[in-house]
Amino acid sequence: MIRSVFLNGIFFVQKLLFNISLCFFRVFSWKEKNGIIVGVEEIASILYSLGSALEGSKTVNLCKNLYYNENYDYYVGKYRYSKVFRYLISPILFGYLINKFKVFIYISGNGFLIPHIDGREYEFKKLKQNDCKIICYFTGSDIRSFKLLNEFGKKHGMDVITTFQPISHRGIDSKEKENVRFMLGQAADNYASAIFNPSTDQMAYISRSCYPFLYFADEKKIKYFPNKFKQERKVVLHAPSSPIIKGTPLVRSAVKQLKEEGYNFDYIELIGVSNEVVMEQLAKAHIVLNEFYALVPGVFGVEAMMNNAALLTSANMELETSLFVGANDAWVVTPYWLVYKNLKAALDAPMEILKDQADAGTRWVEQYCTYSFSAKYLNKVLEEIDD
């Protein structure tokens with residue numbers, strides 16, 4: 001009850017500040033709105049990458065990310081004082097931007113105003129009233145329904161991300177948070193010109209068809225490392241952002257069993273380190289263990305393939321049909337019950353076979369996960385919504 005009153009109070013103040021800002025900056029409004037705003041939260045470098053890929057776009061980041069140290073055009077969350085007052089700064093900034101820019105791309109579930117009350121309904125309605133286009137780009141737990149995905153898991157007789165997420169993220173499956181995800185889905189359904197969301201992995205309260213999840217690998221950073229496959233000792237890497245839902249206990253169990261069986265390899269586990277450190281270690285890894293309850297490879301999986309490592313992950317285009325052609329050949333499809341078996345097979349395989357698998361993944365990233373591919377795809381979508 002107290003939380004509800006508090007959130008409604010914040011939302012009321014934000015709406016007031018937004019409308020004052022909207023009217024004030026309208027006096028100085030530009031003759032013709034153009035350009036793209038990408039915001040408002042960094043998730044796995046998607047915000048920065050998407051902004052870099054779209055010509056004429058400006059990035060807005062309201063929250064500092066501990067793992068990425070990029071620069072943004074409007075970085076409200078960068079400094080301590082702005083972080084404290086971001087709930088007051090962001091609606092004023094929104095009033096300014098809505099008068100200047102034509103397209104707003106929302107990364108994840110947050111907005112310029114808090115989404116807890118109406119799932120961005122008010123915010124989206126104001127954008128439409130001011131002749132702006134909306135694109136929603138969902139990234140995972142912001143939109144994924146625990147109710148729907150758990151039902152999917154039971155139907156297919158398998159554990160899914162939402163099976164274990166309440167253990168590592170207590171309360172994430174609450175009725176209150178599920179209702180926010182419901183409202184986010186409804187707002188996107190009603191107002192967005194386009195929605196990017198993998199329909200199975202991020203099963204949501206969205207009735208419309210969605211565009212596939214896009215990745216933004218820097219072409220200059222995609223590399224083949226033939227020399228590392230000339231080594232005798234294999235390097236296995238696992239770098240979970242959230243160990244429970246990524247399957248880390250299963251990975252440790254498989255590694256322990258194989259070590260007991262006499263397998264001689266290096267196992268590297270990275271938790272809570274910067275992306276720079278992860279990328280440095282990926283360049284040395286022969287085998288990468290990604291995540292084992294998801295149905296898409298995730299950003300880390302793509303980073304593994306762009307660093308020419310043989311990827312083991314549970315992503316499966318037979319269940320997630322939004323994945324691009326050849327996905328199941330780009331990595332070794334490894335649901336959680338096959339972690340030990342597939343890791344053992346990878347360790348038994350000659351380096352030449354691992355290299356072939358790694359090369360297949362790197363080629364797939366070059367074809368479907370680059371800045372140029374995703375920018376072209378996004379620009380095509382933008383052209384379609386302008387028609």
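The axes of helix H11 (residues 275–282) and helix H12 (residues 298–306) come within 9 Å of each other and cross at roughly 40 degrees. This angle makes H11 oblique to H12, since angles under 35 degrees count as roughly parallel, over 145 as roughly antiparallel, 65 to 115 as roughly perpendicular and the rest as oblique. The model is a predicted one, in which local features need pLDDT of at least 70 and side-chain atom pairs count only at pLDDT 80 or more, while totals for chains, interfaces and linings use all residues. Residues are numbered from 1 along each chain as its sequence is written, and side-chain values use heavy atoms, with hydrogens and water left out.

## Two helix pairs

Two packed helices are described by the angle between their axes and the distance between the axes. Here the axes are lines fitted to C-alpha atoms, for helices over the stretch in contact, and angles run from 0 to 180 degrees between N-to-C directions. Helices (H or I, at least four residues) and strands (E, at least two) are DSSP runs, numbered from the N terminus.

H11 passes H12 in a right-handed crossing. A crossing is right-handed if the near helix is turned clockwise from the far one by less than a right angle, and left-handed if anticlockwise. On the H11 side, Asn275, Val278, Met279 and Leu282 meet Phe300, Glu303, Ala304 and Met306 of H12, where contact means heavy atoms within 4.5 Å. By class, this contact has six nonpolar residues, one polar and one charged. Ala, Val, Leu, Ile, Met, Phe, Trp, Tyr, Cys and Pro count as nonpolar, Asp, Glu, Lys and Arg as charged, and the others, Gly among them, as polar.

The second pair consists of H2 and helix H16 (residues 371–386), which pack at an angle of about 75 degrees with their axes 9 Å apart. H2 is therefore roughly perpendicular to H16. Ser49, Leu50, Ser52 and Ala53 of H2 and Tyr371, Ala375 and Leu378 of H16 make the contact. Five of these residues are nonpolar and two are polar, with no charged residues.

## Loops and backbone

The peptide bond from Gly39 to Val40 is cis, with omega near 5 degrees. Ser45 is found in the loop between S1 and H2 as well, and has a positive phi of about 70 degrees although it is not a glycine.

A positive phi, of about 60 degrees, is also given for Asn308, again not a glycine. Asn308 is found in the loop between H12 and strand S10 (310–313). Among the residues that touch Asn308 is Asp359, which is found in helix H15 (residues 351–368). Asp359 also touches Tyr224, when residues up to four places away in sequence are not counted.

Ala285 is placed in the loop between H11 and strand S9 (287–289). Leaving out residues up to four places away in sequence, Ala285 touches Lys228, Val235, Leu237, Asn308 and Ala309. The C-alpha atoms of Ala285 and Gly56, 229 residues apart along the chain, are separated by 37 Å.

Tyr67 lies in the loop between strand S2 (57–61) and strand S3 (74–75). With residues up to four places away in sequence not counted, Tyr67 touches Gly272, Val273, Ser274, Asn275 and Glu276. Of these, Asn275 also takes part in the contact of H11 with H12.

## Burial

Buried means under 20% relative accessible area, exposed over 50%, and partly exposed in between (1.4 Å probe, protein chains only).

| Residue | Relative accessible area | Class |
|---|---|---|
| Ser45 | 14% | buried |
| Tyr67 | 37% | partly exposed |
| Ala285 | 0% | buried |
| Asn308 | 1% | buried |
| Asp359 | 10% | buried |

## Cysteines

A disulfide is a covalent bond between the sulfur atoms of two cysteines. Counted as a pair of cysteine sulfur atoms within 2.5 Å, disulfides come to zero in this model. Cys132 is in no disulfide, and the nearest cysteine sulfur, that of Cys136, is 14 Å away. For Cys136, the closest cysteine sulfur is in Cys210 at 9.3 Å, too far for a bond. Cys132 is buried, with a relative accessible area of 3%, and Cys136 is buried at 0%.
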